[in-house]
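Biologist: I am new to this structure. Please show me how to read its features.

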Amino acid sequence: KMDQKRIPIGFEDFKEIKENNLYFVDKTQMIREILDGSKVTLLTRPRRFGKTLNLSMLRRFFEDERTTEGEKIDNRGLFEGLAIMGAGETYLAHMGQYPVITLSLKSGKQDNYDLSYTMLKRQIVAEFSRHRYVLDGTMDTTQRDKYQAILGESKEPALYIDALRFLSECLYHYHGREAVILIDEYDVPLENAYFQGFYDEMIGFIRSLFESALKTNPYLKLGVVTGCLRISKESIFTGLNNLEIHSIISPKYSSCFGFTGAEVQNMLAYYNLEDR
């Protein structure tokens, strides 16, 4: 039927799905669970369970989003009619209030460490570029030079091992709010490095990146990390005592990924396929 919503095959961005009026299974109750949970949450699920889509949903809810010129972008309309809008002011007070850093590590699946590191570095640079409006705010010369060096893809490795913490600091000084940090496919470069033979090099970089962002970071509001595998906490999140880990068998977040039986029945009914 012409008035039926299309199924969003190949779409991973919540905003794109909503703006194109595609069929969306409402998972916004996840926002309540995140706000009621720990400061940093690691969620592991199999592939194709909606991890990337959910992180994009969290970003659009929490982010005080700006254009590269610093103009505000209002995403409130994306959530009209969804479950979170009935959650009460305690939760809605967080909508559009925080700078958000979002990073996917899936590009780190390469044949050697240098190439993997370069691709991950480019993802970090892209996120710095997305927030380049902070350069129009108050910033001392050292910070400005460091930010510009990262934008210019400097070859200095020290710039990138604490890049997420530095970006959250810059965002804090601009917005006056701590940052929400969202990291997707955190395990991809580590699993790849293990099989390609450069795990020790990669774990050193990833551990430094994560610990500076998620452990010793006064500019962090909350963090959400997703992936398929659970890498041992001791190897990557050493001493991170504010981390909660929830796998597919955890009761928390159990309905936030994949589809429940009721959601499948609703979809079949919507497309007149109840007999299938």
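Biologist: Which helix gives the largest share of the lining of the largest pocket?
Modeller: Helix H3, residues 51–62, gives the largest share, with 4 residues. This is a predicted model: local features need pLDDT of at least 70, side-chain atom pairs count only at pLDDT 80 or more, and totals for chains, interfaces and linings use all residues. Residues are numbered from 1 along each chain as its sequence is written, and side-chain values use heavy atoms, with hydrogens and water left out. Helices (H or I, at least four residues) and strands (E, at least two) are DSSP runs, numbered from the N terminus.

Biologist: What is a pocket, and how many residues line the largest pocket?
Modeller: On a 1 Å grid over the protein atoms alone, a pocket is an open set of points with protein on both sides within 12 Å along at least five of seven lines; a cavity is a set where a 1.4 Å probe fits but cannot get out; lining residues have an atom within 4 Å of a point. Here 28 residues line the largest pocket, and Phe11, Arg48, Phe49, Gly50 and Leu53 lie nearest its centre. Its space is about 750 Å³. A volume is the space filled by probe spheres set on the points, which are joined across faces, edges and corners.

Biologist: How many nonpolar, polar and charged residues are in that lining?
Modeller: Ala, Val, Leu, Ile, Met, Phe, Trp, Tyr, Cys and Pro count as nonpolar, Asp, Glu, Lys and Arg as charged, and the others, Gly among them, as polar. The lining of the largest pocket has 16 nonpolar, 5 polar and 7 charged residues.

Biologist: What about the second largest pocket?
Modeller: The second largest pocket holds about 350 Å³ of space. It is lined by 15 residues, with Thr52, Ser56, Thr102, Ser104 and Asp184 closest to its centre. By class, they are 2 nonpolar, 6 polar and 7 charged. H3 supplies the largest share of this lining too, 5 residues. Strand S2 (100–104) supplies at least two.

Biologist: At what angle do H2 and H3 pack?
Modeller: Axes are lines fitted to C-alpha atoms, for helices over the stretch in contact, and angles run from 0 to 180 degrees between N-to-C directions. Helix H2 (residues 29–36) packs on H3 at about 75°, with the axes 10 Å apart. That makes H2 roughly perpendicular (65 to 115 degrees) to H3. The contact has 8 nonpolar, 1 polar and no charged residues.

Biologist: Which residues line the largest cavity?
Modeller: Val134, Gly137, Thr138, Met139, Gln143, Cys170, His173 and Tyr174 line the largest cavity. Its space is about 40 Å³.

Biologist: What is the mean pLDDT of the chain?
Modeller: pLDDT is the predictor's confidence in each residue, from 0 to 100. The chain's mean is 94. Helix H11 (residues 233–236) has the lowest mean among the elements, 71.

Methods:
Angles under 35 degrees count as roughly parallel, over 145 as roughly antiparallel, 65 to 115 as roughly perpendicular and the rest as oblique.
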